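Welcome, and please open the model in your viewer.

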Amino acid sequence: MNKKRRTELSQGLMNLENSIEEFDGLKERMAQELSLIEDALDDEQEYFDNMPSSFQDGEKGEAAQEAIDSLQEAIDLVSEFLGTEINYQEIDELVCRAMG
């Protein structure tokens, strides 16, 4: 591997490390916002559960259930994203090995 390519890869690794730090910060902020969605889900579920059964089977119940389902789906998506891990050490080792 030539010197120019090594220099570019070294710069790329530094940029990647900075991006991973920003990604981790974003994940922390998203985890905080996730709790707001979870609270809304709990409130909507409580609202639905406290409805008379005749309302649960009607328009209000349907609307509440749709909101519950949507909020749960949003929680699942955010949780999946928050579970994403990036192993910078492994990436660094692999790229350094490639650079020789």
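At roughly what angle do the axes of helix α1 and helix α4 cross? Select residues 3-49 for α1 and 88-99 for α4: their axes come within 11 Å and cross at roughly 180°. That makes α1 roughly antiparallel to α4 (an angle over 145 degrees). Axes here are lines fitted to C-alpha atoms over the stretch in contact, with angles from 0 to 180 degrees between N-to-C directions, and helices are DSSP runs of H or I with at least four residues.

Before going on, note that this is a predicted model, where local features need pLDDT of at least 70, side-chain atom pairs count only at pLDDT 80 or more, and totals for chains, interfaces and linings use all residues. Residues are numbered from 1 along each chain as its sequence is written, and side-chain values use heavy atoms, leaving out hydrogens and water.

Next, show side chains where α1 meets α4 (contact means heavy atoms within 4.5 Å). From α1, pick Arg6, Leu9, Ser10, Leu13, Leu16, Glu17 and Ile20; from α4, Tyr88, Ile91, Asp92, Val95, Cys96 and Met99.

Stay with α4 and look at its ends. At its start, a side-chain oxygen of asparagine 87 lies within 3.2 Å of the backbone nitrogen of glutamine 89. After α4 comes glycine 100, with a positive phi near 90°.

Last stop: select phenylalanine 23 in α1 and phenylalanine 81 in helix α3 (residues 59-82), 58 residues apart. Their ring centres are 5.3 Å apart and their planes at 75°, so the pair is edge-to-face (centres within 6.5 Å, planes over 60 degrees apart).

Terms used
Helices (H or I, at least four residues) and strands (E, at least two) are DSSP runs, numbered from the N terminus. Angles under 35 degrees count as roughly parallel, over 145 as roughly antiparallel, 65 to 115 as roughly perpendicular and the rest as oblique. A polar contact is a pair of N or O atoms within 3.5 Å; within protein, one must be able to donate a hydrogen and the other to accept it, and residues adjacent in sequence count only if both atoms are side-chain atoms. Rings of Phe, Tyr and Trp (its six-membered ring) pair if their centres lie within 6.5 Å; planes under 30 degrees apart count as stacked, over 60 as edge-to-face and the rest as tilted.
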